[in-house]
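Here's a friendly walk through the model you are about to see. Have a look at it first, and then read on.

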Amino acid sequence: MRTVAFLFYYITPYIAVIVFLGGIGYQLSRWRQKRPVPANLSLFPRPQGRLGRLMDTLVDMFTLKGLFRVNRPLWVGGFIMHLGLLLLLLGHVRAFTDYYFLWDLLQWGEEQQHQFSAVAGSIAGLLFMFPLFYLLARRFSGAVKWLSSPEDYLVLGLLIAIAITGNHMRFVLDPDTHEIRQFLQGLFRFRWQPAPVSAGISFVYHFAFVQLLMVYFPFSKLMHTIGSVFSKMVAKS
Amino acid sequence: MLTRFVDTIRQRFSRPLQYYQDICVRCGACIDACHFYVVSGDPAHIPAYRMTLAKKVMQGRVSDGNRLHNWYREAWGQESRTAAELERAMWECTGCRRCAVFCPFALDTALLVSAGRYSLLQEGIGPQMIAEIGNAEVSKGEIIEMIQEFYVDQTKELEARLQKEFAPDLRIPVEKEGARVLYVPLVGEHAIVPLAKVFHAAQEDWTLSLFTATNHSFFVGDMDKARQAAHWIVQEARRLGVKAIAYPECGHATRTLLSFFESWFGDEIAGIERISVVQLVASYLAEGRIRVKSGTFDVPLTYHDPCNLGRNSGIFEEPRALLRAVATDFRELTPNRELNWCCGGGGGLIAAPEMKEIRMKAGRPKAEQIRQTGAQWVVTTCENCKTQLGDLNEHYGLGIEIKGLVDLVAEALAL
Ligand code: SF4
Ligand code: SF4
């Protein structure tokens with residue numbers, strides 16, 4: 001048991017990161033090996049110039065404005081879920097480092113930082129979780145049912161599991177965040193710290209699902225994170 | 001089964017297709033975009049499902065008996081069902097790319113369909129007719145000298161007629177060296193007459209091509225042949241030393257000219273401007289090279305954006321400027337421009353008699369859209385659309401007339 005725990009806390013996280021980064025690299029090179037299509041795949045109207053293309057792609061990515069125009073319910077679900085995810089990722093950065101400049105700027109002490117991240121984290125956690133249920137429910141209805149494949153349920157299942165365990169820690173257990181940060185920073189800096197206990201089994205599940213997601217990421221549709229930049233740029237070229 | 005299809009499409013899988021396949025999140029935003037799915041409810045018509053089907057077939061049959069693995073890959077036992085669905089998915093599509101506008105990642109199902117059609121034809125699946133017309137377009141260049149004389153004679157006759165009817169000094173030059181514009185028509189004089197009038201009025205230095213702009217190999221995704229057919233025109237343009245190639249009111253041909261020529265011909269085409277006659281005629285009006293009698297037409301009319309001129313080539317405002325100049329009651333379809341419904345006749349379906357039934361079904365959103373405007377004339381700038389709209393008019397009893405844009409301009413010319 002001790003060996004398993006040791007592997008889980010101190011070894012597999014590194015493997016997950018390696019598979020995650022290596023897998024993305026592998027997929028990118030797989031795409032590169034294919035020959036580019038000998039045509040202009042523009043969709044009109046399109047922005048002018050390189051900068052215009054880039055700006056337009058970025059605006060598209062952060063607002064999903066195309067979806068807003070053609071499918072409002074899906075936009076609401078998709079946009080809020082991604083917004084929550086973005087906030088959560090920004091929050092989790094604090095597990096490894098901190099926004100020192102920001103706290104300096106606001107002149108916030110430890111207590112204020114803690115309160116702020118508690119509130120922001122709670123909101124982000126809910127913004128992330130509820131749309132996931134909507135997106136899952138959608139998969140069982142109408143034409144989307146035909147379209148859905150096992151991969152879609154798998155990805156949604158993983159994300160929902162991560163969201164529930166995360167929110168459970170946040171809202172129910174209220175663990176010692178200091179302890180968790182110590183542990184993660186230890187991993188990050190190769191100076192291992194004891195595994196957190198205050199978050200109980202929820203942390204174990206949360207940590208496990210995140211590792212699974214990282215391993216699965218490069219081999220799943222989650223690659224749209226990167227690939228959509230290419231496809232959008234091609235359509236605006 | 002379908003091994004040839006699989007081999008061919010694997011080869012044809014270009015970089016965008018590979019990441020399209022990998023990143024589609026199956027969100028379903030494209031579902032409502034496709035006129036085929038909207039009228040049929042057939043899953044094979046869902047844009048993203050067309051890719052899913054191709055993927056299923058491409059990854060082959062899983063026979064390892066591992067149920068989890070099979071579930072994940074959705075292996076299908078009944079391959080005949082897959083083949084039938086695949087056939088519908090690849091042929092019952094007009095390549096309109098409306099789904100790409102709806103997709104948050106702009107995934108282009110028409111690009112898949114192009115590769116898929118070519119690969120299915122290797123199995124003998126699909127309307128052979130379209131491919132055969134494509135072959136004829138390719139071989140036309142080899143026999144052009146034999147038909148040239150006959151063609152020139154016919155053009156002379158047409159010229160004489162127009163001199164009598166329209167203007168005594170009107171010319172239809174063929175193979176004129178050093179002309180500025182090489183105009184590539186369609187089969188039939190309807191694609192020559194209005195242009196000859198407008199060119200005459202604009203005092204354009206033009207010459208008529210011996211070839212036609214249509215490219216049926218493009219419809220079936222045979223890109224080598226599509227390039228060969230278009231190459232005759234490029235060679236002609238270079239032989240004559242023209243400054244510009246102008247393409248007629250024809251959707252897919254315009255798309256090849258504006259979006260494919262550059263990568264097909266590279267340096268060979270450098271310095272030769274490529275333009276649709278719709279743009280060219282609009283520029284004549286804007287520059288004052290032609291004048292029209294404003295308000296020539298007072299019937300309520302609307303404009304149908306052909307997919308290949310609109311969202312696929314960016315020609316949105318030119319036709320509207322021309323229409324506003326000659327008509328008093330111009331009404332927009334809703335939606336219009338890049339969100340306009342496809343007429344349901346693109347992608348070469350017009351050329352295959354067996355596709356007529358599905359064409360009429362797929363045109364229903366278009367028919368309803370037209371009815372809502374209360375327009376009596378539907379003006380458009382694509383030969384395919386014109387034929388399809390004519391058929392829809394009959395099928396749905398719309399009581400409309402279909403008009404070509406340049407026809408209207410030619411009729412309204414103030415000389
Ligand atoms: S809209 Fe795009 S990402 Fe969504 S299912 Fe359709 S093709 Fe896939
Ligand atoms: S290109 Fe047009 S016809 Fe083909 S799948 Fe997309 S929307 Fe449907």
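## Salt bridges between the chains

Let's start where chain A meets chain B: the rule finds four salt bridges across that interface. A salt bridge here is a side-chain nitrogen of Lys or Arg within 4 Å of a carboxyl oxygen of Asp or Glu. For an example, go to Arg69(A) and Glu338(B), whose side chains meet in a salt bridge at 3.0 Å, N to O. Side chains of opposite charge can pair when their charged atoms come close.

Before going further, a word on how to read all this. This is a predicted model, in which local features need pLDDT of at least 70 and side-chain atom pairs count only at pLDDT 80 or more, while totals for chains, interfaces and linings use all residues; side-chain values use heavy atoms, with hydrogens and water left out. Residues are numbered from 1 along each chain as its sequence is written, and chains are lettered from A and ligands numbered from 1 in the order in which they are written.

## The rest of the interface

How many residues of chain A are in contact with chain B? There are 46 of them, facing 53 residues of chain B, where contact means heavy atoms within 4.5 Å. The area buried between the two chains is about 4300 Å², and carbon and sulfur atoms give 62% of that. (Buried area is the accessible area, taken with a 1.4 Å probe, that two parts lose on being put together, summed over both.) Leu43(A), Phe44(A) and Leu147(A) supply 16% of what chain A buries against chain B, more than any other three residues.

The rule also finds 23 residue pairs in polar contact across this interface, with both residues at pLDDT 80 or more. A polar contact is a pair of N or O atoms within 3.5 Å; within protein, one must be able to donate a hydrogen and the other to accept it, and residues adjacent in sequence count only if both atoms are side-chain atoms. Among the elements that give two or more residues to chain A's side are helix H1 (2-33) and helix H11 (224-235). H11(A) gives the most, with eight residues. (Helices, H or I with at least four residues, and strands, E with at least two, are DSSP runs numbered from the N terminus.) By class, chain A's side has 24 nonpolar, eleven polar and eleven charged residues. Ala, Val, Leu, Ile, Met, Phe, Trp, Tyr, Cys and Pro count as nonpolar, Asp, Glu, Lys and Arg as charged, and the others, Gly among them, as polar.

## Around ligand 2

Now hop over to ligand 2. The residues around it include Cys34(B), Cys93(B), Cys96(B) and Cys99(B), along with Arg50(B) and Arg97(B); a residue is near a molecule if one of its heavy atoms lies within 4 Å of it. Helix H3 (35-40) and helix H4 (47-58) of chain B are the elements that give two or more residues to this shell. The shell divides into six nonpolar, four polar and two charged residues.

## More charged pairs

Over all chains, the count comes to 33 salt bridges. In chain B, Glu159(B) pairs with Lys156(B), their closest N and O atoms being 3.7 Å apart. These two are three residues apart in helix H10 (residues 144-165), so about one helical turn separates them. Is Glu159(B) buried or exposed? Glu159(B) is buried, at 8% relative accessible area, and Lys156(B) is partly exposed at 46%. (Buried means under 20% relative accessible area, exposed over 50%, and partly exposed in between, with a 1.4 Å probe and protein chains only.)

Arg161(B) forms a salt bridge with Glu189(B), at 2.7 Å between the closest N and O atoms. Arg161(B) lies in H10 and Glu189(B) in the loop between strand S1 (181-183) and helix H11 (193-202) of chain B, so the pair ties together parts that are 28 residues apart in sequence. In chain A, Asp56(A), Asp60(A), Lys65(A), Lys232(A) and Lys236(A) are linked in a network of salt bridges.

Most residues other than glycine have a negative phi, and most peptide bonds are trans. The bond from Phe44(A) to Pro45(A) is cis, with omega near -5°, and Pro45(A) is in the loop between H1 and helix H2 (49-63) of chain A. The bond from Thr334(B) to Pro335(B) is cis too, with omega near -10°.

Leu64(A) has a positive phi, near 50°. Leu64(A) sits in the loop between H2 and H3 of chain A and counts as buried, at 18% relative accessibility. Ala106(B) has a positive phi near 60°, and is buried at 7%.
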